[in-house]
Amino acid sequence: MALKRAARTLHISLRTSAAIVAASLMFADGAALAQSAVSAPPDRIPSSGFRFGETTGEELYASVCQACHMSDGKGATGAGTYPALAGNQNLAAARFPVTVVLHGLRGMPPVGYFMTDDQVAAVVNYVRTHFGNSYSDAVNAGDVKAVRK
Ligand code: HEC
């Protein structure tokens, strides 16, 4: 049982790392990063076909976000600075986290590229209603699609 769980955790973290590395490599050309991350042109994104398989916000958070923002959403400071999502007022306007997940933000890769609109909505709704956040105006796939373009 424990072994199975460990194997699953390893599997998830390997897949997540692969996606993060891929996403980071896409935007690896230093100074251009800040600008390009805002409107990532599709032609610069390799068509690996990779997609996250998780569907709920909780699963997606655990597989994709937690490595940087930590399981308690409080972020971390060490080799880099990973802001807290816990009690973060920047999440008040739903469009902001949707945009960050889809397009990345400086040190954060655009992980939403590897998700469907439903998955992005699920994980954004999750972080906006957990870790001490209680924003009840949920986003849906249509909202995400409008920001993805
Ligand atoms: C590879 C590490 C990494 C992963 C994975 C990651 N983030 Fe981030 N995230 C960051 C960093 C670094 C920043 C700070 C960017 C900056 O401001 O320079 C950030 C910023 C953010 C912000 C903006 C916070 C603020 O107040 O400005 C939000 C919202 C966010 N991340 C949500 C998420 C969600 C949701 C996920 C999972 C779907 C996720 N992140 C995955 C590293 C990561």
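**Exercise 1.** At what angle do the axes of helix 4 and helix 5 cross?

*Solution.* The model is a predicted one. Two packed helices are described by the angle between their axes and the distance between the axes.

Step 1. Helix 4 covers residues 95-103 and helix 5 covers residues 117-128. Their axes come within 10 Å and cross at roughly 130°.

Step 2. The crossing of helix 4 past helix 5 is right-handed.

Step 3. On the side of helix 4, P97, V98, V101 and L102 make the contact, and on the side of helix 5, V120, V123, V124, V127 and R128 do. By class, this contact of helix 4 with helix 5 holds 8 nonpolar residues, no polar ones and 1 charged.

**Exercise 2.** Determine how helix 5 and helix 6 are arranged, and state which residues form their contact.

*Solution.* Step 1. The axes of helix 5 and helix 6 lie 8 Å apart, at an angle of about 110°.

Step 1. Angles of 65 to 115 degrees count as roughly perpendicular, and helix 5 and helix 6 are therefore roughly perpendicular to each other.

Step 2. Helix 5 contributes D117, D118, V120 and A121, while helix 6 contributes A141, D143, V144, K145 and R148. The contact of helix 5 with helix 6 divides into 4 nonpolar, no polar and 5 charged residues.

**Exercise 3.** Describe the packing of helix 4 with helix 6.

*Solution.* Step 1. Helix 4 and helix 6 have axes 10 Å apart, and the angle is about 60°.

Step 1. Helix 4 and helix 6 are therefore oblique to each other, and their crossing is right-handed.

Step 2. From helix 4, R95, V98, T99 and L102 meet D143, V144, V147 and R148 of helix 6. In the contact of helix 4 with helix 6 there are 4 nonpolar, 1 polar and 3 charged residues.

**Exercise 4.** Is D143 buried, partly exposed or exposed?

*Solution.* Step 1. D143 belongs to helix 6, residues 141-148.

Step 1. D143 has 18 C-beta neighbours inside 10 Å. A buried residue needs 20 or more, and an exposed one has 12 or fewer, so D143 counts as partly exposed.

Step 2. Apart from neighbours within four places in sequence, D143 is in contact with V98 and A121. The C-alpha atoms of D143 and R95 are 8.1 Å apart, although 48 residues separate the two in sequence.

**Exercise 5.** Which residues come nearest to the ligand, and which elements contribute two or more residues to the shell around the ligand?

*Solution.* Step 1. Among the 23 residues around the ligand, C65, C68, R106, G107 and M108 come nearest.

Step 1. Helix 3 (57-69), helix 4 and helix 5 each give two or more residues to this shell. Helix 3 supplies the largest share, 5 residues.

Step 2. The shell around the ligand divides into 17 nonpolar, 5 polar and 1 charged residues.

**Exercise 6.** Summarise the chain as a whole: how many helices and strands does it have, and in what pattern?

*Solution.* Step 1. The chain has 6 helices and 2 strands, which follow the pattern α-α-α-β-β-α-α-α along the sequence.

Step 1. Of its 149 residues, 30% count as buried.

Step 2. Among contacts in the chain with a separation of 6 or more, 62% join residues 24 or more positions apart.

How values were computed: Residues are numbered from 1 along each chain as its sequence is written. This is a predicted model: local features need pLDDT of at least 70, side-chain atom pairs count only at pLDDT 80 or more; totals for chains, interfaces and linings use all residues. Axes are lines fitted to C-alpha atoms, for helices over the stretch in contact, and angles run from 0 to 180 degrees between N-to-C directions. Helices (H or I, at least four residues) and strands (E, at least two) are DSSP runs, numbered from the N terminus. A crossing is left-handed if the near helix is turned anticlockwise from the far one by less than a right angle, and right-handed if clockwise. Two residues are in contact if their C-beta atoms, placed from the backbone, lie within 7 Å. Ala, Val, Leu, Ile, Met, Phe, Trp, Tyr, Cys and Pro count as nonpolar, Asp, Glu, Lys and Arg as charged, and the others, Gly among them, as polar. A residue is near a molecule or strand if its C-beta atom, placed from the backbone, lies within 6 Å of it. Angles under 35 degrees count as roughly parallel, over 145 as roughly antiparallel, 65 to 115 as roughly perpendicular and the rest as oblique.
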